[in-house]
Amino acid sequence: MFDNIYILIPVYNEERQIKNVIEGLSKIFKNIVVVNDGSTDSTEEILKSLKVVHIKHSINLGQGAAISSGFKYISKQKNAHAVITFDADGQHSLDDAYSFATEITKCKEEIIFGSRFIGKKENIPFLKRIVLSIVIFFTNKFSRTNLTDAHNGLKALKVSCLNKIDITIDGFGFESQIIHQVSKKGISYKEMPTNTIYTDYSKKKGQKLSNGLIILEDLFKHGIRK
Amino acid sequence: MIFKAIFITVFAIFFIYSLLRPFQSLFARLFLMIGSILGILSLIGVSYAQSVADFLGIGRAADLYLYLGLITIFLYVAFTLNRFDTLNKKISNLVKELAILNKTDNSDQK
């Protein structure tokens, strides 16, 4: 059982999956922080019955804002060594979370990015793979990084680097913003393979492919302002 | 004739307003000032506006107003979107701060 590795789950309308996801994670992790980003279904009631720290946004702001709130909270916890971000729709595996937790406690890098493109990538839908490749290409160009995946919700960050990262993009573009800041501030990073489980539910709940354009727009705006 | 007088008065008020109002940016003050002067010029004599158009190489006074109108619309949209962005950020920060303050900790629940 990891007690100094926090799990951070941003949640928006996940009444179908959230209980299973948290029950699975709570077998491995003692500290689970859930940020309910203004859900309008019964997610809030479910969260109240679970053994988690839960932070509730009164309105829906976006995944970036949820992650930002979680980071702010976890960075103030005295026993926190690292945080693992984990999606609420059940597309991440518990084995990956365990591997990330084990690795972040012993590696020298401050961030571990999850990558769907290392190892087997047959399970990534074809169209998604193309859109992701475009977003990864531009993210790498903007940020001068050499990552194989840019928008994987599973990643591990040491608490020491949380204060160096300032997420100002409330929407999905925050992932690219993190990468941009990691590169700019010289934060050390590495990648680890993840096994993403694409079910009908997770495909429906996950990012729409057209969001790739919004991500690129955010990235462009952010690039200009910095 | 009465409408001409009304419009001249309105533009004159805008001009005085642009001189007296404390603006955050000099650009906004100049924009209102120049706009109101051009408004007055267009009313008291087309030849004045035509002179400005000639000076700028636009050709016709009517085109000068068309271009200025378009620039005004685009600038207004850009400034409004920027203001929305700033407002969104403030709301976002407020919601996040409140959420952390009102967090619920059930982790030690039996």
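In this predicted model, the axes of helix H2 (residues 26–44) of chain B and helix H3 (residues 46–56) of chain B come within 5 Å and cross at roughly 125°. Axes here are lines fitted to C-alpha atoms, for helices over the stretch in contact, with angles from 0 to 180 degrees between N-to-C directions. Helices (H or I, at least four residues) and strands (E, at least two) are DSSP runs numbered from the N terminus. H2(B) and H3(B) are therefore oblique to each other; under 35 degrees counts as roughly parallel, over 145 as roughly antiparallel, 65 to 115 as roughly perpendicular and the rest as oblique.

From H2(B), Leu38(B), Leu41(B), Ser42(B) and Ile44(B) meet Tyr48(B), Ala49(B) and Val52(B) of H3(B), contact being C-beta atoms, placed from the backbone, within 7 Å. Six of the residues in this contact are nonpolar, one is polar and none is charged. Ala, Val, Leu, Ile, Met, Phe, Trp, Tyr, Cys and Pro count as nonpolar, Asp, Glu, Lys and Arg as charged, and the others, Gly among them, as polar.

Between the chains, the contact takes 18 residues from chain A and 13 residues from chain B. On the side of chain B, helix H4 (61–101) and strand S1 (104–105) are the elements that give two or more residues, and H4(B) gives the most, with six. That side divides into four nonpolar, six polar and three charged residues.

Strand S3 (residues 53–57) of chain A runs antiparallel to S1(B), joined by two bridges; pairing requires at least two bridges found by DSSP. Val53(A) stands opposite Asp105(B) in this strand of chain B.

Residues are numbered from 1 along each chain as its sequence is written, and chains are lettered from A and ligands numbered from 1 in the order in which they are written. Local features need pLDDT of at least 70 and side-chain atom pairs count only at pLDDT 80 or more, while totals for chains, interfaces and linings use all residues.

How values were computed
Contact = placed C-beta atoms within 7 Å.
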